[in-house]
Amino acid sequence: MRIFELFLLIGLIVCALSVSFTKKLLTSIIIYMSYSSIMAIIWVILQSPDLAVTEAAVGAGVTSILFFVTLKKIRAIQEERQEKERDDEEGGK
């Protein structure tokens, strides 16, 4: 069991560091979901199922969905700007 706990802790550290160093937002969100899932498993091992359920629901669930929606909105805004710039360039020619 100690090896599994050590594996989870190492995975938790790797997730925390890799979120900081990734440049793509989508990748960061997926790693954050992994971090929350690992943390939920650790809470179960520590015999705290109420925190595990909360971590899984809020950390890996609701927060990640909000991040995905925000990322979609940001990219949509950027695409609208690019289309407007293309239209302006075509109109100016």
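A word on the ground rules comes first. This is a predicted model, in which local features need pLDDT of at least 70 and side-chain atom pairs count only at pLDDT 80 or more, while totals for chains, interfaces and linings use all residues. Residues are numbered from 1 along each chain as its sequence is written, and side-chain values use heavy atoms, with hydrogens and water left out.

Let us begin with the core. In soluble globular proteins, nonpolar side chains tend to be buried together. Here the largest nonpolar core has seven residues: Leu8, Leu12, Cys15, Ile31, Ile38, Met39 and Ile42. A nonpolar core is a set of buried Ala, Val, Leu, Ile, Met, Phe, Trp, Tyr and Cys residues joined through side-chain atoms within 4.5 Å. H1 and H2 are the elements that give two or more residues to this core, and H2 supplies the largest share, with four residues. The helix names follow DSSP runs numbered from the N terminus, where helices are H or I runs of at least four residues and strands are E runs of at least two.

Which residues does Ile38 touch, leaving aside its neighbours within four places in sequence? They are Leu8, Gly11, Leu12 and Cys15, where contact means heavy atoms within 4.5 Å. Ile38 itself is found in helix H2 and counts as buried, at 16% relative accessibility. On this scale, buried means under 20% relative accessible area, exposed over 50%, and partly exposed in between, with a 1.4 Å probe and protein chains only. For a sense of distance, Ile38 and Arg75 are 37 residues apart in sequence and 29 Å apart in space, C-alpha to C-alpha.

Ser36 is also in helix H2, and its relative accessible area is 1%, so Ser36 is buried. Leaving aside neighbours within four places in sequence, Ser36 is in contact with Glu55, Gly59 and Ala60.

That brings us to helix H3, residues 49-92, where Thr63 is found. A polar atom of the Thr63 side chain lies 2.7 Å from the backbone oxygen of Val58. Beyond its neighbours within four places in sequence, Thr63 is in contact with Tyr32 and Val58. Lys72 lies in helix H3 as well and is exposed, with a relative accessible area of 65%. Lys72 and Leu26 are 46 residues apart in sequence, and their C-alpha atoms are 9.8 Å apart in space.

Now for the surface, where a nonpolar patch of about 450 Å² is made by Met1, Phe4, Phe7 and Ile41. Patches are made of residues with over 30% relative accessible area and no salt bridge; like charges are joined within 9 Å, and nonpolar side chains (Val, Leu, Ile, Met, Phe, Trp, Tyr) within 5 Å. The accessible areas come from the Shrake-Rupley method with a 1.4 Å probe, and for residues only the protein chains shown count as cover. Met1 lies in the segment before helix H1, which spans 2-21, and Met1 is exposed, with a relative accessible area of 65%. Phe4 is found in helix H1 and is partly exposed, at 39% relative accessible area. Leaving aside neighbours within four places in sequence, Phe4 is in contact with Ile41 and Ile45. Phe4 and Ile41 are 37 residues apart in sequence and 11 Å apart in space, C-alpha to C-alpha.

Charged side chains come next. Side chains of opposite charge can pair when their charged atoms come close. How many salt bridges does a search of the whole structure find? The search finds one, counting a side-chain nitrogen of Lys or Arg within 4 Å of a carboxyl oxygen of Asp or Glu. Arg2 forms a salt bridge with Glu5, and the closest N and O atoms are 3.3 Å apart. The two residues are three apart in helix H1, so about one helical turn separates Arg2 from Glu5. Arg2 counts as exposed, at 69% relative accessibility, whereas Glu5 is partly exposed, with a relative accessible area of 23%.

The last stop is a point of backbone geometry. Most residues other than glycine have a negative phi, and most peptide bonds are trans. Gln47 is not a glycine, yet Gln47 has a positive phi of about 60°. Its place is in the loop between helix H2 (25-45) and H3, and Gln47 is exposed, with a relative accessible area of 72%.

Definitions and conventions
Polar contact = N/O pair within 3.5 Å; in protein donor to acceptor, adjacent residues only side chain to side chain.
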